[in-house]
Amino acid sequence: MESELKDLNSKQLKSTASSDDGGSAKDDRPLLKPDAADNIQELEKKFAPYVRNDVYGTMGRGELPLAEKFLIGIAMVTLLPIRVVLAMTVLVIYYLICRVCTLFSAPNRGEDEQEDYAHMGGWRRSVVVVTGRFLSRVMLFVLGFYWITETFRILDVQEKSENEAKNQSKDEDEAKDQDEESGRPGAIISNHVSYLDILYHMSSSFPSFVAKRSVAKLPLVGLISKCLGCVYVQRESKSSDFKGVSGVVTERVREAHRDKSAPMMMLFPEGTTTNGDYLLPFKTGAFLARAPVLPVILRYPYQRFSPAWDSISGARHVFFLLCQFVNHIEVTSLPVYHPSQQEKDDPKLYAENVRRLMASERNLILSDIGLAEKRIYHAALNGNNSLPSVLHQKDD
């Protein structure tokens, strides 16, 4: 999640007009000239996971039909202000609830420089979780997601028989250990389509996320993120005892797997958002703990504006989303995935097998490109083709 919010206008990328949040720093810059249609088609073939296919066009800056302009005009003076006021009200209410529940208590602090309120117990934790899940669903309702289609896939007869055969080949102790593990995955693994993914998962299971350390200092959101138990990223840290995101996440996943009272980790192993039709290569951080994971697949069906946060600026995306009368989410939850011994010994194999399973369940297209290519695509759309070589390197 942090890499998706990272600004490309750094010292190394001063010539790049795009940013990793799906948009550009100068949103008013023209796209590639109309006479470069062949170039645009070539780009869309090469960077297909980040191409917008809705009526709003590339980067949400295409020429809109007259009917669409009319609908946006109506929404601007009616729906938009109402939704903004309601969304801010929900946010403030939940902040006040978190403030009351954390009064006279200090956040947990560890050697890993992380701090959170996620491990507090009793009525305080219950109130934070229950109200957090409820108000997250209210927020989705305010944004136009009036109903959510959820499908919980169960093992079919053949898979059950195969599992039973495997269990019979093990001794009683191993079978008992597997039964104890079956009810508690260490992490939820999801494809990443939009920032809206976080709201859904908060309403569903209220897990912990990975976020920039600066998020902890933001008004309202900072305290809420600590109550979620977010893992804060501080890549610029030079401390010798700083374990890094991977180490902290691995410990959290193991803790969640062992302790039912510990907050579950929610991880997006793709590392960036797509248009929802593709599945990028998975990073291995979520699989290093060797714990079972719960795969969840999100889709956002649309007719006019796509809620996917692929190649569009944050401000433009929020505006169009609030102006769309109805939005949709389809969720598919797969059975808990228990890694084999071979997968435990090879995190890359574990990650790839989970990825292929998720792709096959919802007919997602597997792609071998990643965040680096997304940066190149955004820069090209803004007419900047002189990118530093760092953009061509995949993030670890």
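Start by selecting strands β9 (residues 293-299) and β10: they run antiparallel and are joined by 4 bridges. Strands here are DSSP E runs of at least two residues, helices are H or I runs of at least four, and both are numbered from the N terminus; two strands pair if DSSP finds at least two bridges between them. Zoom in on valine 296, whose bridge partner in β10 is serine 333.

You are looking at a predicted model, where local features need pLDDT of at least 70, side-chain atom pairs count only at pLDDT 80 or more, and totals for chains, interfaces and linings use all residues. Residues are numbered from 1 along each chain as its sequence is written, and side-chain values use heavy atoms, leaving out hydrogens and water.

Buried means under 20% relative accessible area, exposed over 50%, and partly exposed in between, with a 1.4 Å probe and protein chains only.

Then move to helix α8 (residues 196-204), where 8 of 9 residues are buried, among them Leu196, Tyr200 and Met202. Just past α8, check the backbone of phenylalanine 206, which has a positive phi of about 50°.

Finally, step back to the loop between β4 (187-190) and α8 and pick histidine 192. Why does histidine 192 count as buried? Because its relative accessibility is 1%.
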